[in-house]
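Let's take a friendly tour of the pockets in this structure. Have the model open beside you as you read.

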Amino acid sequence: MSKIVFATNNQHKLEEVSSILEGKVEILSLNDINCFEDIPETADTLEGNALLKARFVKEKYGYNCFADDTGLEIKALNNAPGVISARYAGEQKDAQDNMRKVLTELNGESERQARFRTVIALILDGQEHLFEGIVTGDITETAFGNGGFGYDPIFRPEGYDCTFAELSSNEKNSISHRGRAVQKLIEFLSR
């Protein structure tokens, strides 16, 4: 089984992607390769940030690796928070603060369409590849559920009457933006 570094400091993402890739690819974390630096995410696109993180690990540590960046894009907010989803309410990157800010900005708004978009950048044997996963849905008026992370308690995927936070991790991974992007990564690595 091949080993590849997942360039993330987000423990939730690491667990989610590891469970999707289990038995297919062995994931090394940044801790596994003794990378304890905060990798900069200074690009203004999801693709750019994913590439910055993957290139950082490849250049400094030499490993084949992949990184992702994910954004929640809300139609009524001109696709905000988008690339700044993790720090929408400030640099403290607090999920509760971020959700509160979104719900406040959408207060009284009937147009609540949204989508989650994940872009994975893979650097494998010196070649760069991008994979995208998208799931559409809407933003609820209050938070529901205790599962997942980030904006999951306020995002209801299309075709469901519950939020990501109310789904089991297997259910969420089978339909989520990250799950879809990871499936494309798996298909590519399986060729």
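## The second largest pocket

The second largest pocket has a volume of about 180 Å³. Of its 13 lining residues, E16, G148, F149, S169 and N173 are the closest to the centre. A pocket here is an open set of points on a 1 Å grid over the protein atoms alone, where a 1.4 Å probe fits, with protein on both sides within 12 Å along at least five of seven lines; lining residues have an atom within 4 Å of a point. Points are joined across faces, edges and corners, and a volume is the space filled by probe spheres set on them.

Helix 1 gives the most to this lining, with 4 residues, and helix 4 (169–175) also supplies at least two. Helices (H or I, at least four residues) and strands (E, at least two) are DSSP runs, numbered from the N terminus. The lining divides into 3 nonpolar, 7 polar and 3 charged residues.

## The largest pocket

The largest pocket has a volume of about 700 Å³. Among its 33 lining residues, N10, K13, A86, K93 and F149 are the closest to the centre.

Which element provides the largest share of this lining? Strand 3 does, with 5 residues. Helix 1 (11–21), helix 3 (95–105) and helix 5 (177–189) are among the elements that each supply at least two. By class, the lining has 11 nonpolar, 10 polar and 12 charged residues.

## About the model

This is a predicted model, in which local features need pLDDT of at least 70 and side-chain atom pairs count only at pLDDT 80 or more, while totals for chains, interfaces and linings use all residues. Residues are numbered from 1 along each chain as its sequence is written, and side-chain values use heavy atoms, leaving out hydrogens and water.

How values were computed: Nonpolar A, V, L, I, M, F, W, Y, C, P; charged D, E, K, R; others polar.
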